[in-house]
Amino acid sequence: MSATIRDSLKASLIRASMAPETRARLSELTLLQQTDSTNTAILRMPPERQHAHALLADRQTAGRGRRQRTWHSPPGGNIYLSLGWRFRKAGIPLSNLPLVVAVTVCRALDRAGLRGHGIKWPNDILFEGKKLAGILVESRSASSEPALAVIGIGLNVRMPPSDAHAGTSGIDRPWTDLGSALGPEIDLKSRNQLVALLLEALLDALEDFEQNGFDRFRPAWRDFDILAGQKIILEQDNGRIEGVARGVDRDGGLLVEIAESDVRAFHSADVSVHYD
Ligand code: BTN
């Protein structure tokens, strides 16, 4: 039986797998067979339908990643999920929201039975150095109004075999999927159960973040930070810098020790680990 038939996404099953209090906080749950990008689909909606609206597609034809990359989104086995969220108060700093979401996805993966995964700043979820999930947070705000954030999560659950061959996957970096990462001993939950875990964790985290800010997530960030203490290379538009990763600052910037007593924060860069 193909993965598509065995593991199709179903709104009733996602809702049934969620705790009633969390389920009540979701205003809409939309499942599409196909869309260009689930983030774009939420951004296109009228404002009154965006808040607490979770939208999933089995396939994306123009899935988007960070830094103008594309997110390879074949049908049948993965999760492409976006959640719209309008904050109640204006002026909440959202620069560290992508990090909060990364911690939240890691917690949901813990609950799915995975161990050993972590975050490569700012929000790549890796397992054994390979990409397992990606996060794209897009926000719209005018200073006087509460901001809208669209939180997009792409989780490789079971990459279809035809996409797993080198050269046909359209993915230019090492990647893995949850089925392979869990291995044969741990049962892979259905996509519906995994979506429920992600949504529960996200809805709780957003309330917590809104009330208490990033400080609340800092200890968990440290637990999942796979760069801390590592020699890294930062690629920026204006050049390349080497240093040692030293965690993140209050705005979610990556702290890098360039030389003794010279630690600087970076807010936008491509990071790779430097092996001697
Ligand atoms: C990255 O690592 O570059 C971020 C990838 C984010 C992919 C997800 S899939 C669901 C949502 N819709 C999109 O078009 N992108 C995000």
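What share of the contacts in the protein with a separation of 6 or more comes from residues 24 or more positions apart? Here are my notes, starting with that one.

1. **Contacts and ground rules.** Residues 24 or more positions apart account for 64% of those contacts, where a contact means heavy atoms within 4.5 Å. Keep in mind that this is a predicted model, where local features need pLDDT of at least 70 and side-chain atom pairs count only at pLDDT 80 or more, while totals for chains, interfaces and linings use all residues. Residues are numbered from 1 along each chain as its sequence is written, and side-chain values use heavy atoms, with hydrogens and water left out.

2. **Overall build.** You'll find eight helices and 12 strands in the protein; these are DSSP runs numbered from the N terminus, with helices being H or I of at least four residues and strands E of at least two. The radius of gyration is 18 Å, close to the 19 Å that the globule rule gives for 276 residues, so the protein is as compact as a globular protein of that length. (That radius is taken over C-alpha atoms, and the rule is 2.2 Å times the number of residues to the power 0.38.) Along its principal axes, the C-alpha trace spans about 55 × 50 × 30 Å.

3. **The inside.** Buried residues make up 50% of the 276 residues. Buried means under 20% relative accessible area, exposed means over 50%, and partly exposed is in between, using a 1.4 Å probe and protein chains only. The largest nonpolar core has 70 residues, and Leu-199 and Phe-209 are among those with the most contacts inside it. Helix 7 (residues 191–212) supplies the largest share of this core, 12 residues. A second, separate core has six residues, including Met-45 and Leu-148. By nonpolar core I mean a set of buried Ala, Val, Leu, Ile, Met, Phe, Trp, Tyr and Cys residues joined through side-chain atoms within 4.5 Å.

4. Not counting residues up to four places away in sequence, Leu-199 touches Ile-14, Met-18, Leu-26, Leu-29, Ala-54, Leu-81 and Leu-83. Glu-207 is found in helix 7. Glu-207 counts as buried because its relative accessibility is 17%. Leaving aside neighbours within four places in sequence, Glu-207 is in contact with Arg-25, Trp-85 and Arg-88.

5. **Two glycines.** Gly-91 lies in the loop between strand 3 (79–86) and helix 5, and it is exposed, with a relative accessible area of 66%. Gly-179 sits in helix 6 (residues 178–182) and is partly exposed at 26%. Apart from residues up to four places away in sequence, Gly-179 touches Val-157 and Leu-188. From Gly-179 to Lys-189 it's 10 residues in sequence and 9.1 Å in space, C-alpha to C-alpha.

6. **A pocket worth a look.** The second largest pocket holds about 440 Å³ of space. It is lined by 20 residues, with Arg-66, Ser-95, Pro-98, Pro-122 and His-267 nearest its centre. Strand 6 gives the most to the lining, with three residues. The lining divides into eight nonpolar, nine polar and three charged residues. (A pocket is an open set of points on a 1 Å grid over the protein atoms alone where a 1.4 Å probe fits, with protein on both sides within 12 Å along at least five of seven lines; lining residues have an atom within 4 Å of a point. Grid points are joined across faces, edges and corners, and the volume is the space filled by probe spheres set on the points. Ala, Val, Leu, Ile, Met, Phe, Trp, Tyr, Cys and Pro count as nonpolar, Asp, Glu, Lys and Arg as charged, and the others, Gly among them, as polar.)
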